[in-house]
Amino acid sequence: MPDDLIHDPKGGMPRLRAIMRSLRDPDTGCPWDIEQDFGTIAPYTIEEAYEVADAIERGQWNELRDELGDLLLQAVFHAQIADDKGLFDFDDVANGIADKMVARHPHVFGDESRDKSAEQQTRDWETVKAAERAAKAQTGVLDGVAVGLPALLRAVKLQKRAARVGFDWPDASHVLDKITEEAHELQEAADTLGPDEVEEEFGDLLFVMANLARHMKVDPEQALRRANAKFTRRFERIEALLSEQGKTPQESGLAEMDTLWDQAKREEKA
């Protein structure tokens with residue numbers, strides 16, 4: 001019985017799907033869930049993916065379990081909306097990704113040898129993906145790079161695609177030279193031009209920074225998350241040190257907080 005499954009604490013995936021079907025039932029479901037569509041749910045999907053990454057970054061494995069559940073719910077929600085519209089259902093989603101994984105791993109599920117380097121496997125993976133794009137009539141080099149990706153991640157993906165056809169600097173030193181050039185152009189725009197031009201030049205500088213990350217084999221999103229976490233730790237230490245003096249940041253000044261920032265850095269390194 002559906003009700004028995006919904007209240008079965010060991011019901012697993014079938015239980016979650018039954019719950020979502022009930023929430024979306026037009027007669028007895030939740031009004032909020034019934035009103036949702038792909039567009040309204042998409043921002044939550046992105047948010048939950050970032051919360052998964054955050055739990056991993058902090059090594060909070062119990063939180064990771066919960067966040068993965070939240071992200072899984074998003075997939076189930078989208079699949080149920082699609083099912084309600086007669087587009088596809090959850091099994092279609094699962095079977096589609098399973099077929100893709102089998103096709104992209106012939107060295108595991110087929111006759112190809114597993115005696116390959118990770119670099120060769122990456123090249124093979126890209127060859128298979130290129131064939132998949134061709135089958136979808138995506139013939140442009142940049143076709144299929146999702147517009148909705150975070151801008152920094154999309155920049156790296158666009159650059160990787162261009163690099164495959166030879167549109168790339170030979171090494172990181174050329175990228176560093178370009179960063180210097182773009183920084184000068186940004187300063188010039190700030191001195192002589194308007195906000196639109198400043199924004200454009202700032203975007204160019206960020207784009208080249210993403211390219212430098214790619215050349216140095218650094219994940220720019222991960223690097224920035226680590227920088228954010230470092231800033232948070234050190235500023236919270238400033239607040240704690242000021243609190244020991246009976247003060248708040250608002251009651252302090254830049255020079256004092258900068259000195260405490262240096263102290264926080266020294267403590268971390270020690």
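Colleague: Let's start with α9: which of its residues are buried?
Modeller: In this predicted model, the buried residues of α9 are A155, V156, L158, Q159, R161 and A162. Each of them has a relative accessible area under 20%, because that is the cut-off for the word buried.

Colleague: How do you know what length is expected for α9?
Modeller: The helix has 14 residues, and at 1.5 Å a residue the expected reach is 20 Å. That expectation is 1.5 Å times one less than the number of residues. From its first C-alpha to its last, α9 reaches 20 Å, so value and expectation are close.

Colleague: And what follows α9?
Modeller: G166 does, with a positive phi near 90 degrees.

Colleague: Which residues lie nearest the centre of the largest pocket?
Modeller: They are K129, G144, L149, K157 and R161, out of 30 lining residues. Two or more residues each come from α6 (90-104), α8 (118-135), α9 (151-164), α11 (195-215) and α12 (220-244). The largest share, seven residues, belongs to α9. The space in this pocket is about 1,100 Å³.

Colleague: How do the residues of that lining divide?
Modeller: There are 16 charged, eleven nonpolar and three polar residues in the lining of the largest pocket. Among the residues nearest the centre are K129, K157 and R161; these count as charged because Lys and Arg are on the charged list.

Colleague: What makes up the lining of the second largest pocket?
Modeller: Its residues divide into 15 nonpolar, one polar and one charged. Of the 17 lining residues, L152, L206, M209, A210 and P220 lie nearest the centre. Here α9, α11 and α12 each give two or more residues, and α11 has the largest share, with seven. The volume is about 390 Å³.

Colleague: On to the rings. How many aromatic pairs are there?
Modeller: The count comes to four.

Colleague: Why is the pair of W32 and Y44 given its name?
Modeller: The ring centres of W32 and Y44 are 6.2 Å apart, and rings pair when their centres lie within 6.5 Å. Their planes stand at 75 degrees, and planes over 60 degrees apart count as edge-to-face. The pair is therefore edge-to-face. It also links distant parts of the chain, with W32 in helix α3 (residues 31-35) and Y44 in helix α4 (residues 38-57), twelve residues apart.

Colleague: Why do W32 and Y44 count as partly exposed?
Modeller: W32 has a relative accessible area of 40% and Y44 one of 39%. Partly exposed runs between the 20% below which a residue is buried and the 50% above which it is exposed, so W32 is partly exposed and so is Y44.

Colleague: What about F231 and F235: what makes the pair stacked?
Modeller: With centres 6.0 Å apart, F231 and F235 pair, and with planes at 15 degrees the pair is stacked, because the cut-off for stacked is under 30 degrees. Both lie in helix α12, four residues apart, about one turn of the helix. F231, at 49% relative accessibility, counts as partly exposed, since exposed would need over 50%. F235, at 30%, is partly exposed too.

Colleague: Which residues do ring pairs link into a cluster?
Modeller: W32, Y44 and F77.

Colleague: How do you know that N211 is buried?
Modeller: Its relative accessible area is 7%, and buried means under 20%, so N211 is buried. N211 is found in helix α11. Apart from neighbours within four places in sequence, its contacts are Q159, D168, W169 and V175; of these, Q159 is also among the buried residues of α9.

Colleague: Last one: why is K217 called exposed?
Modeller: K217 has 77% relative accessibility and exposed means over 50%, so K217 counts as exposed. K217 lies in the loop between α11 and α12, and its phi is positive, near 60 degrees, in a residue other than glycine.

Notes. Residues are numbered from 1 along each chain as its sequence is written. This is a predicted model: local features need pLDDT of at least 70, side-chain atom pairs count only at pLDDT 80 or more; totals for chains, interfaces and linings use all residues. Side-chain values use heavy atoms; hydrogens and water are left out. On a 1 Å grid over the protein atoms alone, a cavity is a set of points where a 1.4 Å probe fits but cannot get out, and a pocket is an open set with protein on both sides within 12 Å along at least five of seven lines; lining residues have an atom within 4 Å of a point. Grid points are joined across faces, edges and corners, and a volume is the space filled by probe spheres set on the points. Buried means under 20% relative accessible area, exposed over 50%, partly exposed in between (1.4 Å probe, protein chains only). Contact means heavy atoms within 4.5 Å.
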